[in-house]
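Visitor: Hi, I have just opened this one and could use a hand. Could you walk me through it?

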Amino acid sequence: MAASKAKTVRRIAAPVVMPELPQHADAIETLVDLGFGPERFRKTAYRLRDGIDPIAELGLVALLGKQLVGTIRFWEVTLQSGPKTLLLGPLAIHPDRQGQGIGRALMEEGLAKARDTGWQAVILVGDAPYYTRFGFRRDLAQNLTLPGPVDPQRFLGLELSLGALHGVQGLVGRAKT
Ligand SMILES: CC(C)(COP(=O)(O)OP(=O)(O)OC[C@H]1O[C@@H](n2cnc3c(N)ncnc32)[C@H](O)[C@@H]1OP(=O)(O)O)[C@@H](O)C(=O)NCCC(=O)NCCS
């Protein structure tokens, strides 16, 4: 009779998504540096963030034990006679944990929270093949301009409230501080 072999079950811990806290700030900078490098500060999107804090209640992190493996942040921007609008980013996942659904979890929870707290639209500059799966569209941002150069194909919009970006045009401005 064949001896029964004990099966080894390898448990893979799932990250926990939770609101960003002040003590996460340093780990978030390290993670975003890994994903985008220090050159990121030259990007046009940062002209809308310089000296402005992200919306505290919308920031989320993904934690694996004590390690911060994911971050998403949102910033207020202004549109001329436009809807209450957010700039999304950065969204960054640790290189060792990419492709495991953490980005999706952060996007879905962050966008739901934004919708539930009265934000009407979200814009971003990023990889269209990734963000279109969450409903972001090029045409929703095509009449908007940013305060600097950007690849138009990467400048996308999402309506959290139906029709929020319809007919909206002009320069995206910094939040009033
Ligand atoms: C882009 C990023 C946020 C995605 O998060 P993630 O947790 O790795 O992705 P998810 O597990 O939620 O989703 C995986 C899916 O997204 C796709 N995907 C991942 N990055 C992508 C990209 N840059 N462009 C297009 N698709 C992408 C994967 O191919 C996979 O597709 P599938 O579901 O059809 O198999 C993350 O990989 C990251 O931080 N990358 C480094 C920074 C970067 O490249 N940013 C580019 C976007 S601005």
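Guide: Happy to; we can start with the whole chain and then go into the details. Keep in mind that this is a predicted model.

Visitor: Good to know. How many helices and strands does the protein chain have?

Guide: There are 3 helices and 9 strands in the protein chain. Starting from the N terminus, the order of elements is β-α-β-β-β-α-β-α-β-β-β-β.

Visitor: And what does the C-alpha trace span along its principal axes?

Guide: About 80 × 30 × 30 Å. Of the 177 residues in the protein chain, 33% count as buried.

Visitor: Let's pick a strand. Is S4 mostly covered or uncovered?

Guide: Mostly covered: 9 of the 9 residues in S4 are buried. This strand covers residues 85-93.

Visitor: Which strands does S4 pair with, and in what sense?

Guide: With strand S3 (residues 67-78), S4 pairs in the antiparallel sense, over 7 bridges. With strand S5 (residues 121-125), S4 pairs in the parallel sense, over 3 bridges. To get from S4 to S5 the chain goes through H2, and this β-α-β crossover is right-handed.

Visitor: Can you give me a residue to look at there? What stands opposite Leu 87?

Guide: Trp 75 stands opposite Leu 87 of S4. In S5, Leu 87 has Ile 123 as its bridge partner.

Visitor: What lies between S3 and S4?

Guide: S3 and S4 form a hairpin, with 6 residues between them. In the turn, Ser 81 has a positive phi of about 40°.

Visitor: Switching topic: which residues are closest to the ligand?

Guide: The closest are Gln 98, Gly 103, Arg 104, Gly 126 and Pro 129, out of 15 residues that surround the ligand.

Visitor: Which elements supply that shell?

Guide: Strand S4, helix H2 (102-116) and helix H3 (128-131) each supply at least two residues of the shell. By class, the shell has 6 nonpolar, 7 polar and 2 charged residues.

Conventions. Residues numbered from 1 in each chain as written. Predicted model: local features only at pLDDT ≥ 70, side-chain atom pairs only at ≥ 80, totals over all residues. Near = placed C-beta within 6 Å. Helix = DSSP H or I, 4+ residues; strand = E, 2+ residues; numbered from the N terminus. Nonpolar A, V, L, I, M, F, W, Y, C, P; charged D, E, K, R; others polar. Buried ≥ 20, exposed ≤ 12 C-beta atoms within 10 Å, placed from the backbone. Pairing = 2+ DSSP bridges. Right-handed = clockwise from strand over helix to strand, strands pointing away.
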